[in-house]
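Take a look at the chain shown below. We will walk through it step by step, starting with the surface.

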Amino acid sequence: MKNTKVNLIHFLSALSISSLLLTVSALTDSTDVEAINLLKTTFPLLGLLSTGDPCLPSPYLWVKCSFHFTPRVTALNLHDSLLITDRTLPLPDFSAMDALEIIDLSDNVLQQEFPDFLANFPKLKVLNLANNFLFGTVPTSLRDKSKANTLKLTLTGIGMTKLCFSDEDSCGTKTGTGTGRGTGTPGTGSGSSPGINTGSTPKPTESRNKTLPIALGVGIPVFVIFWAIVAFLAIDHQKRKAAMAAAAAQGQTNEISGLAMPVDVDTEQQMHPTVKAT
């Protein structure tokens with residue numbers, strides 16, 4: 001009986017040690033941790049809300065993990081997370097997280113050139129960058145994956161109009177390369193695909209820019225002529241009014257003169273005895 005108790009104690013001890021070792025070895029993949037820390041350094045608000053291991057004992061609110069022997073980060077859900085970038089402080093390169101399947105950075109304030117490293121995730125299935133302020137070239141590999149339906153790519157929003165699919169350093173003018181301003185996932189091939197602007201169809205902003213000088217050139221002369229006519233009519237009306245007032249005054253003067261009665265000398269002497277006849 002005593003030996004049985006000793007064996008049970010040894011078994012429980014060994015089980016505890018094994019569990020401890022398993023817990024230690026089950027920490028999130030180190031490359032993922034480094035990339036997560038890079039994001040937390042760039043965006044301090046993320047660091048305030050998230051401490052400890054990204055996946056264990058429970059994942060961060062903006063992270064999803066695969067719980068294998070070594071957990072990997074499979075999703076970054078940073079939608080509307082007050083992320084702000086610009087040319088001087090761009091989005092950090094977190095492409096070391098090669099197990100990512102979902103990246104959602106929509107509805108933030110990313111004001112920079114399109115981050116090329118976003119095309120370097122081999123398992124990526126969803127890339128949502130809608131409603132930011134990105135500009136420049138989008139790697140054509142993302143367009144090709146979207147066309148093959150292996151990637152759901154979203155680049156929509158009023159601040160996302162200065163993007164084009166290209167592997168060059170700047171946007172060209174080739175037909176069917178613009179990302180456009182579609183309401184869903186941008187098209188990825190011909191000019192007829194949703195969300196793609198073709199070279200033969202001018203952008204709305206370009207049409208407005210071309211129409212504005214014409215509108216001004218026509219509108220300004222019409223405006224000047226209109227007010228010149230109004231001024232002429234106003235002056236003519238005032239002249240007519242002044243002439244009518246003068247004529248009315250002259251008529252009143254003539255009427256008063258006609259009513260005046262002549263007074264002879266005798267009548268004047270009777271009314272005023274001091275007046276002498278000449």
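Some definitions come before the tour. Lys and Arg count as positive here and Asp and Glu as negative, while His and the chain ends are not counted. The place of a charge is taken as NZ of Lys, CZ of Arg, CG of Asp or CD of Glu. A patch is built from residues with over 30% relative accessible area and no salt bridge; like charges are joined within 9 Å, and nonpolar side chains (Val, Leu, Ile, Met, Phe, Trp, Tyr) within 5 Å. Accessible areas come from the Shrake-Rupley method with a 1.4 Å probe, and for residues only the protein chains shown count as cover.

This is a predicted model, so local features need pLDDT of at least 70 and side-chain atom pairs count only at pLDDT 80 or more, whereas totals for chains, interfaces and linings use all residues. Residues are numbered from 1 along each chain as its sequence is written, and side-chain values use heavy atoms, with hydrogens and water left out.

Now the whole chain. It has six helices and nine strands. These are DSSP runs, numbered from the N terminus: helices are H or I with at least four residues, strands are E with at least two. The chain has 278 residues, and 31% of them count as buried. Buried means under 20% relative accessible area, exposed means over 50%, and partly exposed lies in between (1.4 Å probe, protein chains only). Contact means heavy atoms within 4.5 Å. Of the contacts between residues at least 6 apart in sequence, 57% join residues at least 24 apart.

Where does negative charge gather on the surface? Find Glu 113, Asp 116, Asp 167, Glu 168 and Asp 169, which form a patch of negative charge there. Glu 168 sits in the loop between β9 (162-165) and α5 (204-259). Glu 168 counts as exposed because its relative accessibility is 57%.

Next come the charge pairs. Side chains of opposite charge can pair when their charged atoms come close. A salt bridge is a side-chain nitrogen of Lys or Arg within 4 Å of a carboxyl oxygen of Asp or Glu. The count comes to four salt bridges.

Go to Arg 72. Asp 29, Asp 32, Arg 72 and Asp 98 are linked in a network of salt bridges. Arg 72 pairs with Asp 29, their closest N and O atoms being 3.8 Å apart. That pair links distant parts of the chain: Arg 72 is in strand β2 (residues 72-77), and Asp 29 is in the loop between α1 (2-25) and α2 (30-42), 43 residues apart. Arg 72 also meets Asp 32 in a salt bridge, at 2.8 Å from N to O. Here strand β2 is linked to helix α2, across 40 residues. Arg 72 and Asp 32 are both buried. With Asp 98, the closest N and O atoms of Arg 72's salt bridge are 2.6 Å apart. Asp 98 lies in the loop between β3 (84-85) and β4 (102-104), 26 residues from Arg 72. Asp 98 is partly exposed, because its relative accessible area is 36%.

Last, a nonpolar area. Leu 45, Leu 48, Leu 49 and Leu 82 make a nonpolar surface patch of about 480 Å². Leu 45 is found in helix α3 (residues 44-49). Leu 82 lies in the loop between β2 and β3. Which is partly exposed, and which is exposed? Leu 45 is partly exposed, at 40% relative accessible area, and Leu 82 is exposed, at 63%. Leaving aside neighbours within four places in sequence, Leu 82 is in contact with Leu 45 and Asn 108.
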